[in-house]
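Please read them beside the coordinates.

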Amino acid sequence: MKKLISIILTILIVSTGLPQPHRLEVSASSATAIDVFLRLRDVLENGLRTYFRVDESVEVGLFEAPVLLVNADNRLERDFRPEYMIDISQYVRSQRSPLLLEEGAGNAFIAMVASMREDGITNMAAMSGFRDWEHQERLHNNQISRLAARMPLEEARIRAATIVAPPGASEHQSGLAIDVSSACIGFALSERFENTDSFRWLSVNAHYYGFIIRYPRDSIEITGVIFEPWHLRYVGVNHAVRIFELGLVLEEYVEGYE
Ligand SMILES: [Zn+2]
């Protein structure tokens, strides 16, 4: 297996015309496909940087589509829907069925849950995935009504937006966001999720599957959204690992790319 990987990489690297083929140092017994992918990415990116004499300050981004930023300032159109979606409730523990996610995000989520199970974590369930504009609008209006019962309407509107995004401003409409919870807390979408073994696992592993914890504690000033340990956003492995390593929220990360 190790030899095979090494041969494939040597062919790839030689065929790109890079000087001095690198040897990939991966222990085949412990390597996952993600490890191999990340090492391959680094080798190729460093090779390209050297070969084309790319300045240190410039990112060499391979395998990388730009990240879609969805928030109050970057809203989706009313009729936006992901082109391909899958029903993940067929494959993983879910509190709702169907539960749709964009195809790439859905497959990554299924792979991540399988990996969690291998580590003995089985209490997590998917709660909510894709929501269209109209669904989001209903949720948002309900939140305003609840708050308006105990505060002036204008204040209720402002506060509601930090809890349930207005239509177009929710990542759930992109099909790239998923809410999760645990049987340990009765499948609530609450800050208590932070104290579950599911969350502890996600906070150190989710990026290897392309997910980030989108609204971390104390980031409301930048994201405009309260702490939501249950809300995961798929950005792809490459971006997710960088975002994790840099310790940024998505708004800061996307800004750095512009
Ligand atoms: Zn959410």
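1. The model is predicted. The protein has nine helices and six strands, and 30% of its 258 residues count as buried. Among contacts with a separation of 6 or more, 63% join residues 24 or more positions apart.

2. Four strands form an open sheet in the order 3-4-6-5, with antiparallel pairing. Strand 3 and strand 5 are the edge strands, each pairing on one side only. From one strand to the next, the twist averages 45°.

3. Strand 3 pairs with strand 4 over four bridges in the antiparallel sense. Within strand 4, Ser182 is the residue that stands opposite Met124.

4. The largest nonpolar core holds 37 residues, and those with the most contacts inside it are Leu101, Phe109, Met112, Ala206, Phe211 and Ile212. Elements giving two or more residues to this core include strand 2 (100-102), helix 6 (197-205), strand 5 (211-215) and helix 8. Helix 3 gives the most, with six residues. In soluble globular proteins, nonpolar side chains tend to be buried together.

5. Which residues does Phe211 touch, leaving aside those up to four places away in sequence? They are Ala108, Met112, Ala206, Leu232, Arg233, Tyr234 and Ala240.

6. Helix 8 spans residues 237-246, and its buried residues include Val237, Asn238, His239, Ala240 and Ile243. Residues three or four places apart in an α-helix point the same way, because there are 3.6 residues a turn. Just after helix 8, Gly247 has a positive phi of about 65°.

How values were computed. Residues are numbered from 1 along each chain as its sequence is written. This is a predicted model: local features need pLDDT of at least 70, side-chain atom pairs count only at pLDDT 80 or more; totals for chains, interfaces and linings use all residues. A residue is buried if 20 or more other C-beta atoms lie within 10 Å of its own, exposed if 12 or fewer, and partly exposed in between; C-beta atoms are placed from the backbone. A nonpolar core is a set of buried Ala, Val, Leu, Ile, Met, Phe, Trp, Tyr and Cys residues joined through C-beta atoms within 7 Å. Two residues are in contact if their C-beta atoms, placed from the backbone, lie within 7 Å. Two strands pair if DSSP finds at least two bridges between them. Axes are lines fitted to C-alpha atoms, for helices over the stretch in contact, and angles run from 0 to 180 degrees between N-to-C directions.
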